[in-house]
Protein chains: 2
Amino acid sequence: MKKLIKEKTHFLNDMLDGLSITNEQIEVVSDSIVVRKSRKKQGVAIVSGGGSGHEPAHAGYVAQGMLDAAVCGEVFTSPTPDKILSAIKAVDNGDGVLLVVKNYAGDVMNFEMAQEMAEMEDILVETVVVKDDIAVSDEEKRRGVAGTVLVHKYAGYLAENGASLSEIKDKIETFLPNLKTIGMAITAPMVPTTGKFGFDIEDDEMEIGVGIHGEKGLSRETIEPIDNIVGRLLGVLLQEIKSDDLIVMVNGMGATPLSELHIVAKYVSENLKAQHKSVEHWLVGDYMTALDMQGFSITLIPNSEAVLNALNAPTASKYFN
Amino acid sequence: MKKLIKEKTHFLNDMLDGLSITNEQIEVVSDSIVVRKSRKKQGVAIVSGGGSGHEPAHAGYVAQGMLDAAVCGEVFTSPTPDKILSAIKAVDNGDGVLLVVKNYAGDVMNFEMAQEMAEMEDILVETVVVKDDIAVSDEEKRRGVAGTVLVHKYAGYLAENGASLSEIKDKIETFLPNLKTIGMAITAPMVPTTGKFGFDIEDDEMEIGVGIHGEKGLSRETIEPIDNIVGRLLGVLLQEIKSDDLIVMVNGMGATPLSELHIVAKYVSENLKAQHKSVEHWLVGDYMTALDMQGFSITLIPNSEAVLNALNAPTASKYFN
């Protein structure tokens, strides 16, 4: 295994140390919880997290306008309920806490337990579960992937503007059914804590419908020109998103050059234009990664003034732009 | 070759199409010149460029507060003098143009020819050549690498604040001898236009003193823990930068996970602290890449109020933060 690390057991702590040393806005508490140095005095606190390896998610989004705290598990491993509870208590100021959870069994279970523990201490907590990955056909089993970052931004914007916990939960619950993502990869991530690649893949193969934890996707195929790949992914997405006016995120999986993400965006634009659909807003970059996997995902949402305002609102996170 | 592209001959145009479709602030003129949609009415124009494959450099820095234009050559290939001349003419408003050139024979020759051609048309042009890569011992042959982006920011800041062409050139010329970078890599970039890796490297090897064009570095060695690697790179850098108060850039080479860049930053911090040196300002991210190479470079500059003000000044580029 070749990784730019000291020891595999130090990965999470070293990464969080580096993040907090180089970022004046945040600090690490209780080993693995990233919070804003300057906590909000009032208003709903937004908390997210999960396994690490998805940087800049989730800790990079702890900033004015987005998250109040991120609970960081080991690589691809859910944080424990007590850590999540510590995060809730670190940022609650009496106006309640919204948990933004990606739909994985471990995350859902641990965040749920933390919510129950917090409620026993009379803290108001609500949870939204993101299931944007349409590679999985059973809607209840759909994973939370890149679209989760848009939920962080939307919820953070609403909290920043004084919405109550129930208002934020309602708006996010209305938003979630219109948030759809599908991904692909041409390499597997090297997982630093195991020293193994997430899956084997040949020099001429691609994985369609891939997740963000080194797990295999829907199908293994011979690689094609990018316009064909984009056409296929959009074909599946547009079965679920019927709007003609869209917001599009092209998300890099961690080791994809920015040049290629822009090439993907060009063919997304061309394909949508041919179907008489317009794009009101673009996000192109590494938002939710899988360590050093090469690949990308496309997220579509119907354009709306409310969502557009939320996405365009300022945030102090340097990773959301 | 597995790349997320349509055809290798379309790489540059497709990338620039994608960049301009998704970025409302810029437009592409004459095929490969990126300019701000809203040109400056007065003040010195800052122009840079070179081969492509270094994204977000250089086109991603065309924005208020940084560059006025970027001339984009094919991958790892210098743009031609006529293209550079077109860029100069596209942004000159009578107050002169500063060319920021990385020290490669082709770039230096072509930018020099363009300067001469522009001067024949009575356009005021000055050039600064960046040679920050200390992997090369002969100072005149040192390559321009990640530090170039700090020159973009400093020059852009000065221009934005109304400095004259000669003032900007003087300040940059004073800054350049204090700008030092060294890089390393654990993989070679796959060059989309040739379908070949820049160099061969084994599964347990690293390349020290690597450039950003898939060329080999100073030495090939067995990989070590990151604290050792960082210690060695800083050892070489600190022979040239004697200040105890520093500005540090940890630059990703394109396919390095953000988590690992933060791990590098942690050990840079620890090492400098042990030597009683402090860091006033950090930059961590992908600023000057080599396609999908895994690795990083460290840039050191002595802290100064002038440079700090320039780096902290706002820019509309979403890739400098």
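**Sheet and interface of chain B**

Strand E12 (residues 245–252) of chain B pairs with E13(B) in the parallel sense, over 7 bridges. Within this predicted model, B:Val248 has B:Trp282 of E13(B) as its bridge partner. Both strands belong to an open sheet of 6 strands in chain B, ordered E11-E10-E7-E14-E12-E13. Pairing in the sheet is mixed. Strand E11 (219–222) and E13 of chain B form the edges, each pairing on one side only. From one strand to the next, the twist averages 20°. Helix H4 (residues 147–160) of chain B packs on the sheet. This helix touches strand E7 (180–185), E12, E13 and E14 of chain B. The direction of H4 makes about 50° with that of E14(B).

Chain B also contacts chain A. The contact takes 50 residues from chain B and 50 residues from chain A. About 4600 Å² is buried between the two chains, with carbon and sulfur atoms giving 61% of the area. B:Lys2, B:Leu4 and B:His262 supply 19% of the area that chain B buries against chain A, more than any other three residues.

Polar links also cross the interface. The rule finds 8 salt bridges between chain B and chain A. In one salt bridge, the side chains of B:Lys266 and A:Asp14 meet at 2.9 Å, N to O. There are 22 residue pairs in polar contact across the interface. Elements that each supply at least two residues to the side of chain B touching chain A include helix H1 (11–22), helix H7 (258–274) and strand E13 (278–285). H7(B) gives the most, with 9 residues. By class, that side of chain B has 24 nonpolar, 11 polar and 15 charged residues.

Definitions and conventions
Residues numbered from 1 in each chain as written. Chains lettered and ligands numbered in written order. Predicted model: local features only at pLDDT ≥ 70, side-chain atom pairs only at ≥ 80, totals over all residues. Heavy atoms only, no water. Contact = heavy atoms within 4.5 Å. Buried area = accessible area lost by both parts, 1.4 Å probe. Salt bridge = Lys/Arg side-chain N within 4 Å of Asp/Glu carboxyl O. Polar contact = N/O pair within 3.5 Å; in protein donor to acceptor, adjacent residues only side chain to side chain. Helix = DSSP H or I, 4+ residues; strand = E, 2+ residues; numbered from the N terminus. Nonpolar A, V, L, I, M, F, W, Y, C, P; charged D, E, K, R; others polar. Pairing = 2+ DSSP bridges. Axes fitted to C-alpha atoms, helices over the stretch in contact; angles between N-to-C directions.
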